[in-house]
Each structure stands twice: as C-alpha cells, then as structure tokens.
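Good morning, and thank you for joining.

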Amino acid sequence: MSKSKTLLITGCSSGIGEAAAQQMRARGYQVFTTARQPEDVARLQAQGFAAHLLDLDDSASIEAALDWLWSQTQGELYGLFNNAAYGQPGAVEDLSREVLRAQFETNLFGTHELTTRVLPVMRRQGYGRIVQNSSVLGLVAMKYRGAYNASKFALEGLTDTLRLELDGSGVFVSLIEPGPIVSRFRDNAYAKLKANIVTQGSAHEAVYAAVEKRLANQDPAQQAPFTLGPEAVVKALIHALEAPCPKVRYAVTTPTYLLGGLKRLLSSRALDRVLLKIAERES
C-alpha cells in the first residue's frame, strides 16, 4: 500500500459508487466523491464526503472537478475508480448515431479523458491505481444492449492497451467485470429506452412492449438470478487498490464467471445459443 490513501470515485449518486465511497472511507481512505446532479452532490456532502459535480460528457466539468481535487490533495492522487456509466437499451438497428455517441461520451470518452488527465500526476509520483468498472457485457454481447455492449467492449480494449503502456511505471490498471448488482441501473436504463428509442414501427416493437410492461410492473424487491449487492464489487476494488500485484480482471457474480468460461470453451455459434437462451428467459 502506498503512503497515500487518496481515492477519487465517479458515479457516487447510488449503487456501486455510493457503496464504494462509504466502505473505502471506513477503511481509512480520503475519499473524493463525484456525481452529475447537484442534489446528489449535496447529499454526499451532508454525509460528510468531499464531493464535487462531474459530468463526464463535458470536458469543462472534468477540468473543474480535477482543479478542485488537486487543491484538496496538493496535486497528488493514489487511486481512481472509474465507476460512472449508464446503459442505453435498444436494438442495434434502432440506435441513432446521436444516441450511440451519447453512450460512448459517458462510458468511454469521458472516462478516458478523466484517466488521461490524472495519469501525469501518477507518473510523476511513480505510483497509482486505476480501476475501471466494466461489465460481463464487456466480455459477451446480449440482445438489445448493443450500445452498452459496445461501450464496455471498447473500454476493455482501451484499458488492456493502457495497462501494457504503463508497464514499469508503478501505475497499475485493473478491470472489474460485474454481472447483476443491486442498483438503480435498470431503472435508469428503462428511462433511456423511453427517452431515446422510437419503438413504434420498429421490427422489435413487440419486444419493446413486453419489456416495458415487465419493467413497469416489476417488484423492486425482485432481482435477476445471482444478483449480488454492491459490496461484492467493493471487495474486488479493495484488492485492486491494495494488492502488491493486483489482478488484471476481477470477475464479480456467477454469470460473469460462467459466461467468461464459456466464451473460452465454446465456439461463437455455440455461445450464441447460450446467450439467446438467457435472453429468452429474461423476456
């Protein structure tokens, strides 16, 4: 462990980010939290966190958040947990260029810009940890999640390349790949479906209607099979931040282990059949 325990976390309004902030503070880290909405920043501040607005879609917002961070840490940072992201549902043929671009702005481009802006500090220090919150959907693709699949596949490729380029620098990079986790992710995805996908007249109109009916009537207490709490992701985060030699990838939840293994063992066509069966059970 470094002599420093400063940690910046994105996407702290709920779920994984909020749980990570709470648990890492309890472990003695000086945690700096960020969120996109002012009311979430205010709530985090009321809980005693150092918190600042951060919209990954806006370079000026990234710069302002980092100016605040450096003023708080005297220009030093041990760890960055890139957690902020959202999922845009919709069939690939129904994704407009603008909607797909928006998915990448948050999940890839903003994350990339924030990471590259902290790297000079970590290189100068000679130490640091960057942890990317990816997904099982960065390993395999699922129907009607094309925008999110693509953004996480891209994040995995960019992160693998960055790790190779940082070899010998003292800066370690890890990916966490959760499956289903208790969070507001599904609610937020449903809102994005309603806002950004023209379902009427789509070849997938019947599927959208069924999905909307299921999500609208879903008991909040019900979860997908093998769903874990956000603390499962935080456990992986702790290892990525504190292990002398952190793992390159951390699989979280049974579906990630299972589908990651099947991807290595099965042909692409055989894996497609498995993924289609899973999609049938979800619809």
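A cavity here is a set of points, on a 1 Å grid over the protein atoms alone, where a 1.4 Å probe fits but cannot get out. Grid points are joined across faces, edges and corners, and a volume is the space filled by probe spheres set on the points.

Before continuing, the provenance: this is a predicted model, in which local features need pLDDT of at least 70 and side-chain atom pairs count only at pLDDT 80 or more, while totals for chains, interfaces and linings use all residues. Residues are numbered from 1 along each chain as its sequence is written, and side-chain values use heavy atoms, with hydrogens and water left out.

The volume of the largest cavity is about 40 Å³. Its lining residues, those with an atom within 4 Å of a point, are Asn82, Asn83, Ala84, Ala85, Asn107, Thr111, Gln132, Asn133, Lys152 and Leu155. Two or more of them come from each of α4 (97-125), β5 (128-133) and α5 (146-165); these elements are DSSP runs numbered from the N terminus, helices being H or I of at least four residues and strands E of at least two. By class, the lining has three nonpolar, six polar and one charged residues, where Ala, Val, Leu, Ile, Met, Phe, Trp, Tyr, Cys and Pro count as nonpolar, Asp, Glu, Lys and Arg as charged, and the others, Gly among them, as polar.

Is glutamine 132, one of these lining residues, buried or exposed? Glutamine 132 is buried, with a relative accessible area of 4%; buried means under 20%, exposed over 50%, and partly exposed in between, with a 1.4 Å probe and protein chains only. This residue sits in strand β5. Leaving out residues up to four places away in sequence, glutamine 132 touches Asn82, Thr111, Thr115, Leu155, Thr159, Ser174, Leu175 and Ile176, contact being heavy atoms within 4.5 Å.

Ile176 leads us to the nonpolar packing. A nonpolar core is a set of buried Ala, Val, Leu, Ile, Met, Phe, Trp, Tyr and Cys residues joined through side-chain atoms within 4.5 Å. The largest such core has 30 residues, and those with the most contacts inside it are Ile9, Met24, Phe81, Ile176, Leu237 and Leu241. Helix α8 supplies the largest share, seven residues. Beyond its neighbours within four places in sequence, leucine 237 contacts Ala20, Met24, Phe81, Val131 and Ile176. Another core, of 23 residues, lies apart from it and includes Leu77, Leu114, Val121 and Val171.

Let me turn to an open site. The second largest pocket holds about 260 Å³ of space; a pocket is an open set with protein on both sides within 12 Å along at least five of seven lines. Both α8 and β7 give two or more residues to its lining, which has six nonpolar, two polar and three charged residues.

One of the lining residues is Thr253. Threonine 253 has a positive phi of about 90° although it is not a glycine, and at 5% relative accessibility it counts as buried.

Finally, the cysteines. The structure holds zero disulfides, a disulfide being a pair of cysteine sulfur atoms within 2.5 Å. Cysteine 12 is buried at 0% relative accessible area, whereas cysteine 245 is exposed at 61%.
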